[in-house]
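This report describes one protein model for a reader who has not seen it before. Please look over the sequence and the structure before reading on.

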Amino acid sequence: MINSNENLLSLYVHWPYCESKCPYCDFNSHVIQDVDINQWIASFRNQLYNMKDELTKKNIRFTNLNTIFFGGGTPSLMPLEIIEAILDICNDIYGFREDTEITLEANPSSYDGKKFLKFKKLGINRLSIGVQSLNDAQLKFLGRLHNTNDVEVALKDASNIFDNISVDLIYALYGQNLTDWINELESFLKTHKLQHISLYQLTIEEGTKFFKDYKNGFIKQIDNDLAAEFYVVSNEILNDFEFVKYEISNYAKKGFKCRHNLNYWNSENWIGVGPGAYGRLWSSNRKKFRIEYQNYKNPKTWLSNNLFKSEFEKVTKLNSNVSDIDTLTMGLRLNDGVDISKIKNKSVINFHSLKDLQNRKIISFDNGNLKVNEKHMIKLNSIINFLINT
Ligand SMILES: C[S@@+](CC[C@H](N)C(=O)[O-])C[C@H]1O[C@@H](n2cnc3c(N)ncnc32)[C@H](O)[C@@H]1O
Ligand code: SF4
């Protein structure tokens, strides 16, 4: 159990390689290259020890790691030796709780059943599977290497091994038929026993192939009103299947909220290791200021800068205004909202906007938490822009 005086410390590990680059994806992911296992282990080791020194210097007290998240890229492509080494190092310098949540992202095209079993043996206890779509034509459009049949097999294998499985889905694509989506989602939820779902509406991100295609008129975006309809209907269906929405895009069965992501949304402490990963730690007298540690993004640059010593690309002291805005922006994503006592400088909130949003029942206060009311969640970004004094 977690003692309320303790800091919750999470670790994010970034694996930057994938089998191919999906046209919508702006994550730090690159087509897989030769991997020198020993070099990667050495660089992860140096980073982990270096961060431990930072925690000691800042006098940040915590008891063991609360969560670890292997994200990517495609961590299911990671050589097992690297995962094992990272977990051993973590055990050595940080230690685990009895209930440390250890998630790994897996793609249906880059695993075999035996590998799932090995993940489990290494200590992974939560699998997040990139299903992405429940329809073969859409999987093709999204540039995925798997089809719906591969999804069936992957989920069957996973559920024989893990009792905490999450899936990522992308929906609200241009041209997607709402009735088809309803049928696909219902049948998917009837067939598979899942504990968590991340449901994202497709966004066109700058720098991606889809962004170019969009600019050139080859692809279009769904109309906003229809996207809102997709959101409402999906919430209803998930609710019928006992998934509770706890964040704008995340739904969990009872007891299965993602503790790692909650750490981000609640603006707690976390360490980030691997190319492009970033971490944030509060100063020792918590909540005064935060420090952000940004890793080199390019995998080779990251590797060479951590091989013999550990070096970040940038270390930034985030002043209390920046931290307050971040705490507010992240916290409002949650259904429970943000504990307003965490906001040190209340003037980051525009009080005219606050009153206006309250009068229009768009936001409300509930037990000291400021929250966006359920049916307005779909407009979260514009609500935040209106609410915050930048
Ligand atoms: C780091 S990525 C996924 C990891 C894994 N390699 C995969 O593809 O399954 C995290 C998730 O973000 C979502 N995502 C990425 N780009 C997106 C976009 N442009 N629009 C909506 N969702 C997106 C996808 O659902 C994806 O699974
Ligand atoms: S969506 Fe996943 S598999 Fe596709 S490029 Fe991004 S990280 Fe890699």
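## The shell around ligand 2

How do the residues of the shell around ligand 2 divide into nonpolar, polar and charged? There are four nonpolar, five polar and two charged residues in that shell. The model is a predicted one, and the description below applies to that prediction.

Several of the residues around ligand 2 come from the stretch that includes Cys18, Ser20, Lys21, Cys22, Tyr24, Cys25 and Ser29.

## The site of ligand 1

Ligand 1 is surrounded by 17 residues, and the closest are Gly73, Gln132, Arg144, Asp168 and Thr203. Sorted by class, this shell has five nonpolar, eight polar and four charged residues. At least two shell residues come from each of strand S6 (126-132), strand S7 (165-171) and strand S8 (196-201).

For Gly73, a polar backbone atom is 2.8 Å from a nitrogen atom of ligand 1. For Thr74, a polar side-chain atom lies 3.5 Å from a nitrogen atom of the ligand. For Arg144, an N or O atom in the side chain is 2.8 Å from an oxygen atom of ligand 1. On its own, ligand 1 has 570 Å² of accessible area, and the protein covers 91% of this.

## Strand S11

Strand S11 spans residues 269-273 and is mostly covered, with five of its five residues buried. In a regular strand, side chains alternate between the two faces of the sheet. In S11, Asn269, Ile271 and Val273 point one way, while Trp270 and Gly272 point the other way. Residues on both sides are buried.

What is the sense in which strand S1 and S11 pair? Strand S1 (residues 9-15) pairs with S11 in the parallel sense, over five bridges. Within this pairing, Leu11 stands opposite Ile271 of S11.

## The protein as a whole

The protein contains 13 helices and 17 strands. Of its 390 residues, 54% are buried. Along the principal axes, the C-alpha atoms fill a box of roughly 55 × 50 × 45 Å.

Why does the radius of gyration agree with that of a compact globule? A compact globule with 390 residues would have a radius of gyration near 21 Å, and the protein has 21 Å, so the two agree.

Notes:
Residues are numbered from 1 along each chain as its sequence is written. Chains are lettered from A and ligands numbered from 1 in the order in which they are written. This is a predicted model: local features need pLDDT of at least 70, side-chain atom pairs count only at pLDDT 80 or more; totals for chains, interfaces and linings use all residues. Side-chain values use heavy atoms; hydrogens and water are left out. A residue is near a molecule or strand if one of its heavy atoms lies within 4 Å of it. A polar contact is a pair of N or O atoms within 3.5 Å; within protein, one must be able to donate a hydrogen and the other to accept it, and residues adjacent in sequence count only if both atoms are side-chain atoms. Accessible areas come from the Shrake-Rupley method with a 1.4 Å probe; for residues, only the protein chains shown count as cover. Helices (H or I, at least four residues) and strands (E, at least two) are DSSP runs, numbered from the N terminus. Ala, Val, Leu, Ile, Met, Phe, Trp, Tyr, Cys and Pro count as nonpolar, Asp, Glu, Lys and Arg as charged, and the others, Gly among them, as polar. Buried means under 20% relative accessible area, exposed over 50%, partly exposed in between (1.4 Å probe, protein chains only). Two strands pair if DSSP finds at least two bridges between them. The radius of gyration is taken over C-alpha atoms; the globule rule is 2.2 Å times the number of residues to the power 0.38.
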